[in-house]
Protein chains: 4
Amino acid sequence: MTARSETFKTEEGLQKAVDICEIFNIDIVVAIGGDGTARGAKSLSEKNIPVIVIPATIDNDIAATEYALGYDTALNTALQAIDKLRDTASSHERCSVVEVMGRHSGYIALSVGVASGAEVILVPEEEFDFDDDIVLTLIKDRNAGKRHYIVVMAEGVGLASDMAKKIEERTGIESRSTQLGYLQRGGAPSFRDRWISSLMGVRAVQTINEGRYNRMIVHRDGDCGDVDLAEALASAKRPLDESLEMANLITI
Amino acid sequence: MTARSETFKTEEGLQKAVDICEIFNIDIVVAIGGDGTARGAKSLSEKNIPVIVIPATIDNDIAATEYALGYDTALNTALQAIDKLRDTASSHERCSVVEVMGRHSGYIALSVGVASGAEVILVPEEEFDFDDDIVLTLIKDRNAGKRHYIVVMAEGVGLASDMAKKIEERTGIESRSTQLGYLQRGGAPSFRDRWISSLMGVRAVQTINEGRYNRMIVHRDGDCGDVDLAEALASAKRPLDESLEMANLITI
Amino acid sequence: MTARSETFKTEEGLQKAVDICEIFNIDIVVAIGGDGTARGAKSLSEKNIPVIVIPATIDNDIAATEYALGYDTALNTALQAIDKLRDTASSHERCSVVEVMGRHSGYIALSVGVASGAEVILVPEEEFDFDDDIVLTLIKDRNAGKRHYIVVMAEGVGLASDMAKKIEERTGIESRSTQLGYLQRGGAPSFRDRWISSLMGVRAVQTINEGRYNRMIVHRDGDCGDVDLAEALASAKRPLDESLEMANLITI
Amino acid sequence: MTARSETFKTEEGLQKAVDICEIFNIDIVVAIGGDGTARGAKSLSEKNIPVIVIPATIDNDIAATEYALGYDTALNTALQAIDKLRDTASSHERCSVVEVMGRHSGYIALSVGVASGAEVILVPEEEFDFDDDIVLTLIKDRNAGKRHYIVVMAEGVGLASDMAKKIEERTGIESRSTQLGYLQRGGAPSFRDRWISSLMGVRAVQTINEGRYNRMIVHRDGDCGDVDLAEALASAKRPLDESLEMANLITI
């Protein structure tokens, strides 16, 4: 189940997967992936193939778990990129607009925005007014003596190159864009991703040993657990509410 | 309070700190550091200078908090170093012995040992038998087809260069040592360290605003809180027990 | 002379610089920078302020020297970013379009393109035909069994996001863009940049000690030297010719 | 020829290699490696198997070429490690002793020592007096206001842990050791290593196409060339002389 598959969503595709499990005597499928993978696994479980799902998506938008594998690595990669933008800030007044991943979810933008001390953070979950929320903030920061500005935006909000052009036109501050794109998906996994994946792996084996199937392994309140897969998928996407509030406390 | 100070432990040194707080009208001291810093802050609080302590030590050995700032950065730095040792493994049979920080605490050794898939992990909290726990493990791994072995040891266990020599003599496997030393203290802070430091900073301000003093900000069960400083320091050092069990489940 | 200055190009601005040199008893100015800095230094020398220029520009487009400081660091930064794009290539068929710096110069694009094994490299110095040079190359590569494609383009060629859209439309291959922007200017200097800057610094002092002024320190044929500043600036920009030929030999 | 082989040095081992070339119709062998590899290739050429040698050794001690593949990557890895040691220097007075690779060659120590601004550099080619060259230098630096000292030593000089102990005993400065060991061999290749390996590869193919065999590809005066293999191996190891002089000019 390593690639996203449209075939899998069809009755024929699903039956093919069931057949393969039977041919190879696969007793149980441990699926690692995001929302799509989890839904595919659930379909498989409805065909009487027991499944365990380990959540892994850099968007970290699965409601049932506070942590999905890959998230910490992606955040560190994005952060290191923004650090390099700060490096060039000493001599020129300049605004750096950085587009991070997240078509529908602002988790990455919000997290690296706070961690990098961004002046402005834009997420798809929250409407913003270009003049009030961006231009005014940058002008105030300039008046307060700042000489370099970082704007972090999720890709769902638009293109960084367009935003940089607009900011330069309206504020007169030289603005340059960076679009991280898929490079956030690469790199060696961080410590936290390796550690939690070890914990989740142990938990998956324990869950199987104890005869509980069709479960999603989750990480909540700093610890691993497992929940019913169907229930996990019934809950809506994880909202940004709490993190947004924290970001406001920190950046204001 | 940026450097460890013996002066601070004397009555005169402490009184000097109290005087400085009065001269500069310092109402409250927020101290960031490890066990020594926290004890110094407690002494100050007993002289009626209100304090808040934010735990920061790469040893992560403060019992009251599950997380101390700096730990994640140190783990990632150590892990990246060990990854480079794995890189050289393709053509030669070889054992790499890596000495990580930790004179009295095995947290770093245990964590990076698990995360890097080390064949052997040695911590000061746990006795080991050279032949049974090291030689035998390596020989078994060799018989199972492995060609490269990583031994992670805390500095409290001894010198990596001595251990490498002993292993080479007894097993015949070419062994080389790496001692990370203080390089684990350097590098740009990881995402997690920046995020939790933001959370702890917000919590510190809230604690002060709510009129609660002489508290340690802690991170437990995935969330920030604050506890009485004296109580926090009364508890013994954080034991390795649970993590050790997890490491055994994973490495065996 | 740390920031680009329009003022410096005026007679008044220049006179101000001359005055400052006199007031502070500055006997000689060692200027570090690119073409603009070198031309400013030359103006200063014409006002009888002796100057030495050390070339530093990540575009590496100064004709008189084969190497300008900052180039190796920028190349390594860009290369590490592209390595991360390769990392995500295992399971999905995908084209990654990476826009690197270079409005008028293709040095960075060409160099990192070769070093990262890019399928297509686009530089401003060389015209290309979208269908013949890009679409056809990618289709041939796909027919030859490739599953992941890297297109490296200099910013002077256009926007990566536009290029990715065009490629996806014409080939049907899912295409994603990354625009590195100013992050190529950041990061700790590489070994080569530190080494050559040490050599150039030594050479600058020697040149001054030997009473030769208004010189540019250059790096040619693997060694440092110094040339007349006016002559250095008279020569046209460094052309891509030789490197292009090498790139063709390697990528074909 | 990916692993060092004692067998290869025997007449039987060599004959086996010749047989394999015949069985698999190998017309020409392109060998990549250090001095040992080059000598093995020469033996093969004496059995009428044409060879081309591409020099690759992080020691960079092959006299015939100014650059051997792997060197730049190793230097950058060592430099990044030393940068992290500098990071921890702000609050404590401390001496960091770093042991880098080089049993008989001081190239790495000298190069990263200069590039990291080390206070003391120790190489196997040059005798030193502990009191005059180390203790005195550190004391003078302390008197001049320095608070952090880096001592870079090649492994051929001794163990960093011993040196740190001796320095602490004699100067009273808290001293800690780091032994990089084989981690210098790992990591993704740097830009320079990828670029020069591309150039050398092209040159190797050209050399073969032009019918010249038993050659070593070399990099001299900033460009690639090829020289007779036997002559290349006749010359002694590359001496440190020039670089040492440069290091003295820079560090004094």
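Chain B and chain C share no contact, their closest C-alpha atoms lying 11 Å apart, where two residues count as in contact if their C-beta atoms, placed from the backbone, lie within 7 Å. This is a predicted model, in which local features need pLDDT of at least 70 and side-chain atom pairs count only at pLDDT 80 or more, whereas totals for chains, interfaces and linings use all residues. Residues are numbered from 1 along each chain as its sequence is written, while chains are lettered from A and ligands numbered from 1 in the order in which they are written.

**Contacts between chains**

- No contact joins chain A and chain D either, and the closest C-alpha atoms of that pair are 11 Å apart.
- Between chain A and chain C, by contrast, 25 residues of chain A are in contact with 24 residues of chain C.
- On the side of chain A that touches chain C, α3 (71-87) and β6 (175-179) of chain A each supply at least two residues; helices (H or I, at least four residues) and strands (E, at least two) are DSSP runs, numbered from the N terminus.
- The largest share of this side of chain A, 6 residues, comes from α3(A).
- Sorted by class, the side of chain A that touches chain C holds 7 nonpolar, 13 polar and 5 charged residues, with Ala, Val, Leu, Ile, Met, Phe, Trp, Tyr, Cys and Pro counted as nonpolar, Asp, Glu, Lys and Arg as charged, and the others, Gly among them, as polar.
- For chain D and chain B, 25 residues of chain D are in contact with 24 residues of chain B.
- Here α3 (71-87) and β6 (175-179) of chain D each supply at least two residues of the side of chain D that touches chain B, and α3(D) gives the most, with 6 residues.
- The class composition of the side of chain D that touches chain B is 7 nonpolar, 13 polar and 5 charged residues.

**Domains of chain A**

- Chain A is assigned domain 1 (7-69 + 189-236) and domain 2 (72-185), with bounds that come from an automatic or database domain assignment.
- The C-alpha centres of domain 1 of chain A and domain 2 of chain A lie 34 Å apart, and the contact takes 8 residues from domain 1 of chain A and 11 residues from domain 2 of chain A.
- On the domain 1 side of that contact in chain A, the classes are 2 nonpolar, 2 polar and 4 charged residues.

**The sheet of chain A and its helix**

- In chain A, 4 strands form an open sheet of mixed pairing in the order β1-β2-β7-β8, two strands being paired if DSSP finds at least two bridges between them.
- The edge strands are β1 (29-33) and β8 (223-228) of chain A, each of which pairs on one side only.
- Strand β2 (residues 51-55) and strand β7 (residues 215-220) of chain A pair in the parallel sense over 2 bridges, and A:Ile52 stands opposite A:Arg215 in β7(A).
- Helix α2 (residues 35-46) of chain A packs on the sheet, where it touches β1, β2 and β7 of chain A, and its direction makes about 160° with that of β1(A).

**The sheet of chain C**

- Chain C also has 4 strands in an open sheet, in the order β1-β2-β7-β8 and with mixed pairing.
- Because β1 (29-33) and β8 (223-228) of chain C stand at the edges with a single partner strand each, one side of each is left without a neighbour in the sheet.
- β1(C) and strand β2 (residues 51-55) of chain C pair in the parallel sense over 5 bridges, and the bridge partner of C:Ala31 in β2(C) is C:Val53.

Terms used:
Axes fitted to C-alpha atoms, helices over the stretch in contact; angles between N-to-C directions.
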